[in-house]
Amino acid sequence: MRKLIFLCLLISFSLSATVVNYSELPAELQKRVVPDMEGRVLMSDDDTSWIEQTSISRDLPTVVEGWPVSYAGSNCHNGAIYVNMDEDSEAEILFGVGTKVTALNLDGTVVPGWPKQLNFYIWSSPAAGDIDGDGDIEIVCTSRNNTNANSGELYAFELDGTPCEGFPVVQAGGGTNNVSLFDLDADGDMEILVNIRNHPQGWVYVYDGDGSVYPCFPQELDYIPGAGISAGDITGDGIPEIVALSYNMLHVFDLSGNLLPGFPLSNNGYTYSYSQPILFDLDDDGLDEIIWGGCSEAAGAVFVVNYDASSVEGWPQVTDQWIFGTVAIGDVDQDGSMDVVIGDQVSSGTPMDHIYAWNAVGNAIEGFPAGPTNAIYAQIGIADLDGDNNVELMIDDNNFGFGYDCYNNDGTHCTDWPITCGTVWSSTTMQITPAFGDVDNDGEIEIIGAATDIIGWVVECYLWETGEVWNEDLAYMIVDGCNMQHNGQYSSTASPPVFNPPQNLVSEVINFNDVTLTWDEPEPSGSEVVEYGVYRDGILIQSLYGNILFYNDTALNAGDYEYYVTATYDDPAGESEPSNIETITTTLPAPQNLVAVPNGANIMLTWDPPEMINRTLDSYNIYRNGELLADNITSLFYIDINVPLGTYEYQVSATYSGGWEGELSDPVGGIVSSANIILLITKLEGNSPNPFNPITEINFSVAQTSSFVTIDVYNLKGQKIKTLMNDILPAGQHSVIWKGTDDAGKAVSSGVYLYKMKSGNYQNTKKMILMK
């Protein structure tokens, strides 16, 4: 049990509110309020006075031995993160405090190599993620000048505190709110996203893990930044977008730095300060929506929009006061659907703020708004803190010496709360988000928080034991910005769009080098298939619009191929994973019926064409004993002349259009021996029979292959009456038949006729007698 004495409170007698400039406030009030990004404060119009009030006694979670840990000359914003920085099973806790980033063991001692001194104030929470792809976590933070916020640096450290190569980076202005980490290009390392301010300008900067600026960035905002940057795929195409708030407008960029249609988006009369956009599929359509809070002249609102800038049904929802905190997501009423939770704030001595909780369509959950509370500046933590299998809502507080407060999931105030944070009366948890987790790996939930003494500027960092079971299923909002990367993507329960692939892909090779593909429709997923993509070896070769479930891939080269098919969907848009993969082998057919006939020292090869395919045949190649003998042969024969004695194996292949060679024919043997070597000469041998009636055979030989030969028949007057041969012939013995007719096919009369052979320089004439 602990007793808190002499808490300093402000009492109000009026509940109306007015916007005033921060610079106009008395010094004592400046210390206990947070202005918006333009230095404005929403305050109740009450007369305030300082009084002393004694708190009641209550049971509190136990502060872990070694805590709190104090840092002088400091302030703290957005709370802590925790990561395992060494080889033990326990996490270490990191805070941004003033101009330092500190890392603490669970006994309150400082992790070796820490804290790290910065040149400017951090004004945010550090982020943790692998930015260089080495498999280890790095710690990243941004900083800004405490005087004008228009200059600063970006830092990255290894877990041992060593600065990462390329850091710090001097920024074009002051870093605003948390750094965000997200793997934009899916290369295994996270990029660094930070809003940079140089009043009145603002930019979205993206850096690689070596400190270099990411392609297509920075992109300029319309005005100074309003909050931290978020990143995630909100269009359903598998490629992330970058979501950033300026003071006046919501911007959404693609990775090429282009604004999505409909953006930047403004809401008339509203400005935005500190409320980082959250990405979450609130309406269960398979796509994340953008959720954030804003401020009007005397009220606040929570906005929910789609990727096309249209508002989701039931939104926006209005709050009584301004919204500075980042929206929290969690199943508050345990109905199986996620809810939206936010707190509002007005600077007042009397509690007049509330916790709001709405379901997905903007209906208030029973028991909410809860309160009244003191001003809520930070994101609300949502987890089961007391082991009752229901969530509790833990909030920061702008009052002196008050600590953190807590509400049940039905909107009632938690017994034994608030929990004290800070050892001096002027300490406040304002704008310091609580963090939850089983940091010591004992199966129980611990609470991490901090308070800033705004009189002495001392930050006290706290770690509490609750003694209650760590229920991960009910741990919805455990750290500022949704995760240790602060990227605003609440994805633990998001329902990604389902893009089922086509089923039962079957391939068949037709006619050697044509492939037929067939497949079945995907299993129903609630989205419409608008086209199918056919991929060969990982490359899209055809898009088929409509319900076409087959494709013919024709005239392929010989080889092995892998095919798969994807389905492309609409509303939401996206492409499925590949179907099953089909592997096939295509061939280009070989010539048929190869024959080798020895002829003296020559071997004559003849063959038939290959089977017809959907490809032009250009020529043939001749192989002897596996080595290319001749190519570009356009006839169906070839004579291998003057072959040495021996036994040989011949094969023939076809060359097709594009220079692709087909399969080799079956091999045939050819033998050249001394017994069959005959000297070939070009000669007209004669005809037989002679005299004849009505047919005679004229025999001749050709010594050289590819010789042009003519044989003509003449009468005794020297008139040519018949051409018997006019062709290119291979070397060897040949014959031709004359049936006693002329070129018109008419039978000639009996008598003596001359026949004449010409081949190159050779010519000879002989007589024959037709006797009827």
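Biologist: Is Y490 buried or exposed?
Modeller: Y490 counts as buried, because its relative accessibility is 4%. Buried means under 20% relative accessible area, with a 1.4 Å probe and protein chains only.

Biologist: And what about F280, buried or exposed?
Modeller: F280 also counts as buried, at 2% relative accessibility.

Biologist: What kind of model is this?
Modeller: A predicted one: local features need pLDDT of at least 70, side-chain atom pairs count only at pLDDT 80 or more, and totals for chains, interfaces and linings use all residues. Residues are numbered from 1 along each chain as its sequence is written, and side-chain values use heavy atoms, leaving out hydrogens and water.

Biologist: How many aromatic pairs turn up?
Modeller: The whole structure holds 25. Rings of Phe, Tyr and Trp (its six-membered ring) pair if their centres lie within 6.5 Å.

Biologist: Take Y274 and F324. What sort of pair are they?
Modeller: Tilted, because their planes stand at 55°. The ring centres are 4.9 Å apart. Planes under 30 degrees apart would be stacked, over 60 edge-to-face, and the rest are tilted.

Biologist: Where does each one sit?
Modeller: Y274 is in the loop between β21 (250–253) and β22 (278–280). F324 is in the loop between β25 (317–319) and β26 (328–330). So the pair ties together parts 50 residues apart in sequence. Both Y274 and F324 are buried.

Biologist: Back to F280 and Y490. Why is that pair edge-to-face?
Modeller: Their planes are at 75°, so the pair gets that label. The centres of the F280 and Y490 rings are 5.6 Å apart.

Biologist: Which parts of the chain do they link?
Modeller: Distant ones, 210 residues apart. F280 is in strand β22, and Y490 is in the loop between β36 (458–469) and β37 (503–510).

Biologist: Which rings form a cluster?
Modeller: Y270, Y272, W292 and F303 are linked by ring pairs.

Biologist: New topic. Which strands make the open sheet, and in what order?
Modeller: Three strands, in the order β53-β54-β57, with antiparallel pairing. Strands are DSSP runs of E, at least two residues, numbered from the N terminus. Two strands pair if DSSP finds at least two bridges between them.

Biologist: Which are the edge strands?
Modeller: β53 (683–688) and β57 (732–738), each pairing on one side only.

Biologist: How many bridges join β53 to β54?
Modeller: Five, and β54 covers residues 696–702.

Biologist: Which residue in β54 stands opposite S688?
Modeller: E697.

Key: Helices (H or I, at least four residues) and strands (E, at least two) are DSSP runs, numbered from the N terminus. Buried means under 20% relative accessible area, exposed over 50%, partly exposed in between (1.4 Å probe, protein chains only).
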